[in-house]
Amino acid sequence: MHTLYQLADAEIRSCIADYLALAADTKGLTSVGQDAIDTPRKAVILLAGLNASPNNVSPAAAALEWERRRAVPFDVEAGITAGVYTNIRGAGIRFLQEIKEGTANFSHWSPDFIRSNPHTLPLLQHLAGIFSKAALKKQVGSLSDNSISLPAAKRLAAVLQTRVIPSEVREGEILKRLESTLEGIVRDLIGRVMLESIVESALKSANIPFKREEEYASLSGVVYDFRADFVVPDELSPKAFIEVRKSSSRHASLYAKDKMFSAINWKGRHREMLAILVVDGEWTTETLRVMARVFDYVVPLAHVNELAVSIAKYLEGDSTKLKWLINFKITPAS
C-alpha cells in the first residue's frame with residue numbers, strides 16, 4: 001500500500017504533466033478554448049489557478065470561467081496542488097476506515113495490524129495524540145509509514161490501547177487534525193518537486209540535454225564554483241544555466257541580488273552562456289526589470305515551454321538568443 005507521501009508525489013507529477021500540456025495548448029494560458037481542457041484534471045488546474053471553484057465543471061464551463069477571469073493572475077501552485085489535496089484527503093478517509101475495520105471500531109489494537117499497515121501511521125499518530133515525529137520517536141521508538149518493526153508495533157499498540165476511548169473517537173476531528181500532516185507533505189513537494197519538475201519536463205519535451213543540480217559537482221565561476229538548478233548540456237561545456245525561484249514581494253529584493261551575482265559570476269567565466277531565471281510568485285516589477293539587465297531571459301513559470309524552444313534554437317546556432325556579454329574578472333593590483 002502506498003503512503004500518503006507517495007500518493008501525493010505521484011499526483012503532483014501527474015498534475016505537472018497536465019499543467020504543461022495545458023500551457024502548451026493555450027500559449028501559456030493566454031488563449032484557452034474548451035478543446036484544450038480534455039481531462040477533468042486540467043479543468044481543476046485551470047479553475048483552481050484562477051481562484052474559482054473547481055468542482056464538477058465541464059470543459060465549456062471551465063473555458064467560460066477563464067474568459068470571465070482573464071485579469072486574475074494565474075497561481076500555478078494553487079492550480080497544481082488543488083488536485084493533490086483532493087487525492088490525499090480521499091486517501092486519508094480510506095486509511096481511517098481501514099483502521100476502524102481492522103481494530104473493531106478502534107477498540108482492539110493488534111501489533112500485527114499496525115505492523116501490516118504502516119501506511120496508516122499518520123492517522124495512528126493523531127488517534128494517539130502524538131503530533132510530531134520527535135514525540136513519536138521519544139514515546140515509541142524509530143518507525144515510519146514505510147515500515148514498522150514488531151517491537152515498535154507492540155509499543156504503539158500499547159499506547160493506543162491506553163489512550164483511545166472508542167466511544168470518544170470523532171472521525172471528522174481526526175481527519176481535521178490530519179490536515180496539518182497533509183499541508184506539510186504538499187509544502188515539501190512544492191519545494192522539492194513542483195517548480196523544477198515543470199522546467200525539467202519542458203526541457204525534455206524540447207529534447208534539450210541538461211543536468212539537474214544533484215547530477216553534477218559544480219559550475220565554475222569567476223569568484224567561486226557552485227551549482228545552478230540546471231546546466232545545459234553539462235558543466236564541462238555549458239551553453240546555458242537555469243535558476244528557478246519563487247519569491248514573495250517581501251523577499252524579492254534579497255533574492256534578486258543573490259541571483260544577479262550568480263549570473264555575473266558564471267557569465268563572467270563562460271561569456272557565451274545563456275543566463276536564465278524562471279520566476280514564480282510575487283516578484284516586484286522593479287526587481288524583474290533589474291534582473292533583466294543581467295539575465296538573458298527572465299520568464300514566468302507559465303511560459304517555460306516557449307523558453308525551452310528558445311534554448312533549443314540557441315543550441316542549434318541562433319546567436320540572437322544571447323543578449324548579454326559580461327566582462328568580469330579579478331586580477332592583482334600589481
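Buried, in this tour, means under 20% relative accessible area. Keep that cut-off in mind, and remember that what you have open is a predicted model.

**Stop 1**

Select phenylalanine 210 and phenylalanine 230. Both of them are buried. How are their rings arranged? A pair of aromatic rings is described by the distance of the centres and the angle of the planes. A search of the whole structure turns up eight aromatic pairs. In the pair you have selected, the ring centres of phenylalanine 210 and phenylalanine 230 are 5.8 Å apart and the planes sit at 65°, so this counts as edge-to-face. The pair ties together distant parts of the chain, 20 residues apart: phenylalanine 210 is in the loop between helix H9 (171–205) and strand S1 (211–212), while phenylalanine 230 belongs to strand S2 (residues 230–232).

**Stop 2: around the same loops**

Stay in the loop between H9 and S1 and pick asparagine 207. Its phi is positive, about 55°, although asparagine 207 is not a glycine. Is asparagine 207 buried or exposed? With a relative accessible area of 69%, asparagine 207 is exposed.

Now go to valine 232 and proline 233. The peptide bond joining them is cis, with omega at about -15°. You'll find proline 233 in the loop between S2 and S3.

**Stop 3: the whole chain**

Zoom out for a moment. The chain has 12 helices and five strands. Its C-alpha trace spans about 75 × 60 × 35 Å along the principal axes. Of the 334 residues, 47% are buried. Look at the contacts in the chain with a separation of 6 or more: residues 24 or more positions apart account for 67% of them.

**Stop 4: helix H1**

Select residues 4–25, which make up helix H1. How far apart should the ends be? At 1.5 Å a residue, its 22 residues should span 32 Å, and the end C-alpha atoms are 31 Å apart, so the two agree. After H1 comes lysine 27, with a positive phi near 55°.

**Stop 5: inside the cores**

Next, show the side chains of Tyr19, Leu127, Ile198 and Ile242. These have the most contacts inside the largest nonpolar core, a set of 89 residues. H9 gives the largest share of this core, 14 residues. Click on isoleucine 198 and look around. Leaving aside neighbours within four places in sequence, isoleucine 198 is in contact with Ile16, Tyr19, Leu20, Val76, Ile80, Leu301 and Val304. Apart from this core lies another one, of 19 residues, including Leu219, Trp266, Leu277 and Phe295.

**Stop 6**

Together with Tyr224, Phe226, Phe241, Phe261 and Phe295, Trp266 forms one aromatic cluster. Trp266 is also one of the buried residues of H10, a list that includes Ala256, Met260 and Ala263. What covers the buried residues of H10? The cover includes strand S3 (240–247), strand S4 (274–281) and helix H11 (285–291).

H10 runs over residues 252–269, and at 1.5 Å a residue its 18 residues should span 26 Å; the end C-alpha atoms are 26 Å apart, which agrees.

**Stop 7: side chains over rings**

Select arginine 245 and tyrosine 255. Arginine 245 lies over the face of tyrosine 255, at 4.2 Å from the ring centre. Then jump to lysine 323, which lies over the face of tryptophan 324 at 4.8 Å from the ring centre.

**Stop 8: two last picks**

Where is asparagine 56? Look in the loop between helix H2 (40–49) and helix H3 (59–68). Asparagine 56 has a positive phi of about 50° without being a glycine, and with a relative accessible area of 82% it is exposed.

Finish at alanine 135, in helix H7 (residues 133–140). At 24% relative accessibility, alanine 135 counts as partly exposed.

Conventions
Residues are numbered from 1 along each chain as its sequence is written. This is a predicted model: local features need pLDDT of at least 70, side-chain atom pairs count only at pLDDT 80 or more; totals for chains, interfaces and linings use all residues. Side-chain values use heavy atoms; hydrogens and water are left out. Helices (H or I, at least four residues) and strands (E, at least two) are DSSP runs, numbered from the N terminus. The expected span of a helix is 1.5 Å times one less than its number of residues. Rings of Phe, Tyr and Trp (its six-membered ring) pair if their centres lie within 6.5 Å; planes under 30 degrees apart count as stacked, over 60 as edge-to-face and the rest as tilted. Buried means under 20% relative accessible area, exposed over 50%, partly exposed in between (1.4 Å probe, protein chains only). A charge sits over a ring if NZ of Lys or CZ of Arg is within 6 Å of the ring centre and within 35 degrees of the ring normal. Contact means heavy atoms within 4.5 Å. A nonpolar core is a set of buried Ala, Val, Leu, Ile, Met, Phe, Trp, Tyr and Cys residues joined through side-chain atoms within 4.5 Å.
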